Amino acid sequence: MAPQLLAKHDLVYLTEDASHDDVIELINAEAFGPGRFVKAAARIREQGPHDRSLSFVCTDDGETIASVRMTPVLAGQVRGHMLGPLAVRPSHKNRGIGRELVRIAIEAARRKGSQGVILVGDPPYYMPLGFEKVAYGALAFPGPVDPGRVLIVPMAADVHQRLPGKIGWRP
């Protein structure tokens, strides 16, 4: 029997820095296309910068192949972070890279004192990662969203009770 050759992958998770900006833009364009700019979450991200200390990339043998960003938000009375965009290059999908980036970002936000991590996303993907549905219509976004896709990882007392209101970028 011939020896089996195994593909070597050196996946490394790093905190994002400015040198990643161009490749992250490419990965997001590849994943979401031009429609990404009209989403309500994009309206929030346009209000101010994301937090690089809570944003991460994954590299494979030195090539950046995935990223997740976190933006500081005030959601009602909750001082939290909005997760996204989360994107993985097609060549690396379905390997758990996105889930690991989400886990890393949530834990970093928890350590930084975030009261909750919010996103607009697919419940079957995100709920096993600790997200819960936000009450229907509790958060007013700067644009239309499907209320059934608004999710949160609560990290402080009474988060759901303090959520109702507007969501927007915070300094």
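Trainee: How many helices and strands does the secondary structure of the protein come to?

Mentor: Helices (H or I, at least four residues) and strands (E, at least two) are DSSP runs, numbered from the N terminus. Here there are 5 helices and 9 strands, and along the sequence they follow the pattern β-α-α-β-β-β-α-β-α-β-β-β-α-β. Please keep in mind that this is a predicted model, in which local features need pLDDT of at least 70 and side-chain atom pairs count only at pLDDT 80 or more, while totals for chains, interfaces and linings use all residues. Residues are numbered from 1 along each chain as its sequence is written, and side-chain values use heavy atoms, with hydrogens and water left out.

Trainee: What radius of gyration does the protein have, and what would a compact globule have?

Mentor: The radius of gyration is taken over C-alpha atoms, and the globule rule is 2.2 Å times the number of residues to the power 0.38. For 171 residues the rule gives a value near 16 Å, and the protein agrees with it at 17 Å. The C-alpha trace spans about 65 × 30 × 30 Å along its principal axes.

Trainee: What percentage of the residues is buried?

Mentor: Buried means under 20% relative accessible area, exposed over 50%, and partly exposed in between (1.4 Å probe, protein chains only). Buried residues make up 45% of the 171 residues. With contact meaning heavy atoms within 4.5 Å, residues 24 or more positions apart account for 70% of the contacts with a separation of 6 or more.

Trainee: How is a pocket defined, and what volume does the largest pocket have?

Mentor: On a 1 Å grid over the protein atoms alone, a pocket is an open set of points where a 1.4 Å probe fits, with protein on both sides within 12 Å along at least five of seven lines; lining residues have an atom within 4 Å of a point. Grid points are joined across faces, edges and corners, and a volume is the space filled by probe spheres set on the points. The largest pocket has a volume of about 1,100 Å³. Its lining holds 44 residues, with F32, R45, G84, P85 and L86 nearest the centre.

Trainee: Which element gives the most to that lining?

Mentor: Strand β4 does, with 7 residues.

Trainee: Which residues does a cis peptide bond join?

Mentor: Most residues other than glycine have a negative phi, and most peptide bonds are trans. In this model a cis bond joins G84 and P85, with omega about 0 degrees. P85 is found in strand β4.

Trainee: Where does D61 lie, and is D61 buried or exposed?

Mentor: D61 is in the loop between β2 (56-60) and β3. D61 counts as exposed because its relative accessibility is 63%. Its phi is positive, about 55 degrees, although D61 is not a glycine. D158 also has a positive phi, near 55 degrees, and lies in the loop between β8 (150-154) and α5 (159-162).

Trainee: How far apart are Q115 and P154 in sequence and in space?

Mentor: They are 39 residues apart in sequence and 6.4 Å apart in space, C-alpha to C-alpha. Q115 is in the loop between α3 and β5. By contrast, E63 and H81 are 18 residues apart in sequence and 27 Å apart in space, C-alpha to C-alpha. E63 is in strand β3 and, at 43% relative accessibility, counts as partly exposed.
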